[in-house]
Amino acid sequence: MKHIITTFIFAALLLSCNTSDKTKTTTKTSDAAQTTSAQQPTETDKALQLINSDEALIATALLAAPEASRGECKVIGYNMKGEFVTFKEGSNEFIVLVDNPNKEGFSAACYQKDLDPFMARGRALKAEGKTHQEIFDIREAEVKAEQLHIPTGATLHIYSGPKTLYNPETANVADAKLRYVVYLPWATAESTGLPEAPAASNHPWIMNPGTHRAHIMISPIAAD
(Lines give C-alpha, C1' and ligand atoms only; values in the text may rest on other atoms or scores of the structure.)
Protein backbone atom coordinates (compact mmCIF):
# COMPACT_ATOMS: atom_id res chain seq x y z
CA MET A 1 0.00 0.00 0.00
CA LYS A 2 2.83 2.38 0.90
CA HIS A 3 4.41 1.68 -2.51
CA ILE A 4 1.18 2.52 -4.29
CA ILE A 5 0.78 5.83 -2.38
CA THR A 6 4.43 6.72 -3.05
CA THR A 7 3.94 6.02 -6.78
CA PHE A 8 0.87 8.30 -6.94
CA ILE A 9 2.71 11.15 -5.15
CA PHE A 10 5.73 10.88 -7.46
CA ALA A 11 3.47 10.92 -10.56
CA ALA A 12 1.62 13.99 -9.28
CA LEU A 13 4.89 15.86 -8.67
CA LEU A 14 6.19 14.97 -12.12
CA LEU A 15 2.97 16.17 -13.79
CA SER A 16 3.10 19.40 -11.81
CA CYS A 17 6.68 20.13 -12.90
CA ASN A 18 5.91 19.45 -16.56
CA THR A 19 2.85 21.72 -16.46
CA SER A 20 4.87 24.50 -14.80
CA ASP A 21 7.65 24.23 -17.39
CA LYS A 22 5.15 24.46 -20.25
CA THR A 23 3.53 27.53 -18.74
CA LYS A 24 6.90 29.25 -18.40
CA THR A 25 7.88 28.31 -21.94
CA THR A 26 4.58 29.57 -23.34
CA THR A 27 4.91 32.85 -21.44
CA LYS A 28 8.45 33.42 -22.67
CA THR A 29 7.44 32.64 -26.24
CA SER A 30 4.50 35.05 -25.99
CA ASP A 31 6.68 37.82 -24.55
CA ALA A 32 9.26 37.33 -27.30
CA ALA A 33 6.57 37.47 -29.97
CA GLN A 34 5.20 40.73 -28.53
CA THR A 35 8.67 42.28 -28.38
CA THR A 36 9.42 41.29 -31.97
CA SER A 37 6.06 42.64 -33.12
CA ALA A 38 6.62 45.98 -31.32
CA GLN A 39 9.99 46.44 -33.01
CA GLN A 40 8.59 45.93 -36.51
CA PRO A 41 7.76 49.19 -38.33
CA THR A 42 4.22 49.57 -39.60
CA GLU A 43 3.42 49.83 -43.29
CA THR A 44 2.73 53.55 -42.79
CA ASP A 45 6.14 54.10 -41.20
CA LYS A 46 7.86 52.28 -44.05
CA ALA A 47 6.30 54.67 -46.57
CA LEU A 48 7.69 57.78 -44.86
CA GLN A 49 10.98 59.44 -45.78
CA LEU A 50 12.89 62.46 -44.56
CA ILE A 51 12.31 65.74 -46.35
CA ASN A 52 15.91 66.08 -47.52
CA SER A 53 15.79 67.40 -51.09
CA ASP A 54 14.60 70.54 -52.87
CA GLU A 55 12.05 68.42 -54.72
CA ALA A 56 10.62 67.19 -51.42
CA LEU A 57 10.50 70.75 -50.06
CA ILE A 58 8.46 71.87 -53.07
CA ALA A 59 6.12 68.88 -53.11
CA THR A 60 5.27 69.12 -49.41
CA ALA A 61 4.87 72.90 -49.43
CA LEU A 62 2.40 72.82 -52.31
CA LEU A 63 -0.05 71.00 -50.04
CA ALA A 64 -0.57 74.34 -48.29
CA ALA A 65 -2.19 75.65 -51.50
CA PRO A 66 -5.68 74.80 -52.77
CA GLU A 67 -5.39 71.62 -54.82
CA ALA A 68 -6.74 73.16 -58.03
CA SER A 69 -4.15 75.98 -57.88
CA ARG A 70 -0.96 74.06 -57.06
CA GLY A 71 0.34 73.75 -60.61
CA GLU A 72 0.54 77.50 -61.19
CA CYS A 73 1.79 78.69 -57.78
CA LYS A 74 5.05 80.58 -57.40
CA VAL A 75 7.31 78.67 -54.96
CA ILE A 76 9.98 80.38 -52.87
CA GLY A 77 12.01 79.74 -49.72
CA TYR A 78 15.21 78.28 -48.35
CA ASN A 79 16.68 75.38 -50.32
CA MET A 80 18.70 72.53 -48.83
CA LYS A 81 21.88 74.64 -49.14
CA GLY A 82 20.35 77.35 -46.96
CA GLU A 83 19.88 79.83 -49.84
CA PHE A 84 16.65 81.80 -50.21
CA VAL A 85 15.59 81.16 -53.81
CA THR A 86 12.68 81.12 -56.21
CA PHE A 87 12.13 77.44 -56.95
CA LYS A 88 9.67 78.21 -59.71
CA GLU A 89 7.71 81.15 -61.07
CA GLY A 90 3.93 81.18 -60.96
CA SER A 91 1.02 82.55 -62.91
CA ASN A 92 -1.84 82.64 -60.40
CA GLU A 93 -2.69 84.51 -57.21
CA PHE A 94 -0.70 82.32 -54.80
CA ILE A 95 2.85 82.29 -53.48
CA VAL A 96 4.02 79.17 -51.67
CA LEU A 97 6.76 79.33 -49.04
CA VAL A 98 8.54 76.02 -48.44
CA ASP A 99 9.55 74.69 -45.03
CA ASN A 100 12.87 76.00 -43.75
CA PRO A 101 15.04 72.85 -43.55
CA ASN A 102 17.26 74.46 -40.90
CA LYS A 103 14.41 74.70 -38.38
CA GLU A 104 12.83 72.08 -36.15
CA GLY A 105 9.57 70.57 -37.31
CA PHE A 106 7.71 71.38 -40.51
CA SER A 107 5.97 74.61 -41.56
CA ALA A 108 5.05 75.60 -45.10
CA ALA A 109 2.70 78.39 -46.16
CA CYS A 110 0.67 79.64 -49.08
CA TYR A 111 -0.48 83.25 -49.27
CA GLN A 112 -2.27 85.59 -51.65
CA LYS A 113 0.41 87.31 -53.76
CA ASP A 114 -0.51 90.86 -52.69
CA LEU A 115 0.66 89.93 -49.19
CA ASP A 116 4.20 89.38 -50.44
CA PRO A 117 5.61 92.84 -49.53
CA PHE A 118 4.30 92.40 -45.97
CA MET A 119 5.71 88.86 -45.72
CA ALA A 120 9.03 89.83 -47.30
CA ARG A 121 9.38 92.72 -44.85
CA GLY A 122 8.90 90.33 -41.97
CA ARG A 123 11.55 87.97 -43.32
CA ALA A 124 14.00 90.84 -43.80
CA LEU A 125 13.49 92.12 -40.25
CA LYS A 126 13.90 88.61 -38.86
CA ALA A 127 17.16 88.23 -40.81
CA GLU A 128 18.35 91.43 -39.10
CA GLY A 129 17.85 89.73 -35.75
CA LYS A 130 14.66 91.55 -34.74
CA THR A 131 12.44 89.86 -32.17
CA HIS A 132 8.84 88.88 -32.84
CA GLN A 133 7.58 91.93 -30.92
CA GLU A 134 10.00 94.27 -32.70
CA ILE A 135 8.85 92.97 -36.08
CA PHE A 136 5.24 93.47 -35.03
CA ASP A 137 5.85 97.05 -33.85
CA ILE A 138 7.89 98.06 -36.93
CA ARG A 139 5.33 96.73 -39.38
CA GLU A 140 2.50 98.28 -37.36
CA ALA A 141 4.15 101.70 -37.70
CA GLU A 142 4.85 101.17 -41.39
CA VAL A 143 1.25 100.13 -42.14
CA LYS A 144 -0.05 103.19 -40.25
CA ALA A 145 2.32 105.38 -42.26
CA GLU A 146 1.06 103.69 -45.46
CA GLN A 147 4.57 102.45 -46.25
CA LEU A 148 3.31 98.88 -46.12
CA HIS A 149 -0.05 97.48 -47.16
CA ILE A 150 -2.07 94.46 -46.06
CA PRO A 151 -5.01 93.77 -48.38
CA THR A 152 -8.28 93.28 -46.52
CA GLY A 153 -9.50 89.72 -46.99
CA ALA A 154 -6.16 88.33 -48.22
CA THR A 155 -5.55 84.78 -47.06
CA LEU A 156 -2.69 82.76 -45.62
CA HIS A 157 -2.76 78.96 -45.41
CA ILE A 158 -0.26 77.26 -43.09
CA TYR A 159 0.57 73.54 -43.34
CA SER A 160 2.60 72.53 -40.29
CA GLY A 161 3.48 69.75 -37.90
CA PRO A 162 6.17 68.48 -35.51
CA LYS A 163 7.84 66.02 -37.92
CA THR A 164 9.90 66.28 -41.12
CA LEU A 165 8.80 62.93 -42.53
CA TYR A 166 6.63 62.66 -45.62
CA ASN A 167 5.10 60.15 -47.99
CA PRO A 168 6.84 60.64 -51.37
CA GLU A 169 3.82 59.24 -53.23
CA THR A 170 1.28 61.69 -51.78
CA ALA A 171 3.60 64.43 -50.37
CA ASN A 172 1.61 64.28 -47.12
CA VAL A 173 3.71 65.24 -44.10
CA ALA A 174 3.37 63.09 -40.98
CA ASP A 175 0.98 64.67 -38.43
CA ALA A 176 0.84 67.99 -40.32
CA LYS A 177 -2.38 70.01 -40.37
CA LEU A 178 -3.74 73.11 -42.09
CA ARG A 179 -4.82 76.34 -40.44
CA TYR A 180 -6.19 79.39 -42.18
CA VAL A 181 -5.81 83.15 -41.76
CA VAL A 182 -7.93 85.90 -43.33
CA TYR A 183 -6.40 89.36 -42.82
CA LEU A 184 -8.71 92.19 -41.71
CA PRO A 185 -6.46 95.10 -40.64
CA TRP A 186 -7.77 97.01 -37.60
CA ALA A 187 -10.79 94.71 -37.19
CA THR A 188 -12.13 93.95 -33.71
CA ALA A 189 -14.52 91.53 -32.08
CA GLU A 190 -17.14 94.28 -32.20
CA SER A 191 -16.66 95.02 -35.90
CA THR A 192 -16.75 91.36 -36.95
CA GLY A 193 -18.92 89.66 -34.33
CA LEU A 194 -16.18 87.08 -33.80
CA PRO A 195 -14.82 86.07 -30.38
CA GLU A 196 -11.25 86.85 -29.37
CA ALA A 197 -10.65 83.17 -28.56
CA PRO A 198 -11.87 80.04 -30.36
CA ALA A 199 -15.10 78.56 -29.02
CA ALA A 200 -13.81 75.14 -30.09
CA SER A 201 -11.32 73.54 -32.46
CA ASN A 202 -11.84 74.62 -36.09
CA HIS A 203 -14.02 77.59 -35.04
CA PRO A 204 -13.13 81.07 -36.39
CA TRP A 205 -11.95 83.82 -34.04
CA ILE A 206 -10.31 87.26 -34.30
CA MET A 207 -6.60 87.39 -33.44
CA ASN A 208 -4.57 90.58 -32.83
CA PRO A 209 -7.78 92.65 -32.81
CA GLY A 210 -7.50 96.40 -33.40
CA THR A 211 -4.01 96.12 -34.97
CA HIS A 212 -2.58 96.07 -38.47
CA ARG A 213 -2.27 92.31 -38.13
CA ALA A 214 -5.88 91.63 -37.10
CA HIS A 215 -7.07 88.46 -38.77
CA ILE A 216 -9.64 85.71 -38.66
CA MET A 217 -7.94 82.52 -37.49
CA ILE A 218 -9.29 79.05 -38.18
CA SER A 219 -7.17 76.43 -36.43
CA PRO A 220 -7.22 72.70 -37.20
CA ILE A 221 -9.31 70.25 -35.21
CA ALA A 222 -7.31 69.04 -32.22
CA ALA A 223 -5.96 65.49 -32.30
CA ASP A 224 -7.77 62.86 -30.23
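1. Three aromatic pairs turn up when the whole structure is searched. The structure is a predicted model, and the points below should be read with that in mind. Two of the pairs are described here.

2. Tyr78 is partly exposed, at 32% relative accessible area. Phe84 is also classed as partly exposed, at 38%.

3. Another pair joins Phe118 and Tyr183. Their ring centres are 6.1 Å apart and their planes stand at 70 degrees, so this pair is edge-to-face. Because Phe118 belongs to helix α4 and Tyr183 to strand β8, the pair ties together parts that are 65 residues apart in sequence. Are Phe118 and Tyr183 buried or exposed? Both are buried.

4. Phe118 has a further neighbour to note. The charged end of Arg139 sits over the Phe118 ring, at 3.8 Å from the ring centre.

5. Helix α4 covers residues 116-127, 12 residues in total. From first C-alpha to last it reaches 16 Å, close to the 16 Å expected at 1.5 Å a residue. Which residues of α4 are buried? They are Phe118, Met119, Gly122 and Leu125. These lie on the same side of α4, because the arc they cover around the axis is only 125 degrees. In general, an α-helix has 3.6 residues a turn, so residues three or four places apart point the same way.

6. Just after α4 comes Gly129, which takes a positive phi of about 95 degrees.

7. The largest nonpolar core contains 22 residues, and Ile51, Val96, Tyr159 and Val173 have the most contacts inside it. At least two residues of this core come from each of α3 (54-61), β4 (94-97) and β5 (106-112). Apart from this core lies another, of 17 residues, which includes Ala109, Met119, Val181 and Trp205. Met119 is also one of the buried residues of α4.

8. Val173 deserves a separate entry. What does Val173 touch, leaving aside residues up to four places away in sequence? The list is Ile51, Thr60, Phe106, Tyr159, Lys163, Leu165 and Tyr166. Of these, Ile51 and Tyr159 are also among the residues with the most contacts inside the largest core.

Methods:
Residues are numbered from 1 along each chain as its sequence is written. This is a predicted model: local features need pLDDT of at least 70, side-chain atom pairs count only at pLDDT 80 or more; totals for chains, interfaces and linings use all residues. Side-chain values use heavy atoms; hydrogens and water are left out. A nonpolar core is a set of buried Ala, Val, Leu, Ile, Met, Phe, Trp, Tyr and Cys residues joined through side-chain atoms within 4.5 Å. Buried means under 20% relative accessible area, exposed over 50%, partly exposed in between (1.4 Å probe, protein chains only). Helices (H or I, at least four residues) and strands (E, at least two) are DSSP runs, numbered from the N terminus. Contact means heavy atoms within 4.5 Å. The expected span of a helix is 1.5 Å times one less than its number of residues. The arc is that of the directions from the helix axis to the C-beta atoms. Rings of Phe, Tyr and Trp (its six-membered ring) pair if their centres lie within 6.5 Å; planes under 30 degrees apart count as stacked, over 60 as edge-to-face and the rest as tilted. A charge sits over a ring if NZ of Lys or CZ of Arg is within 6 Å of the ring centre and within 35 degrees of the ring normal.
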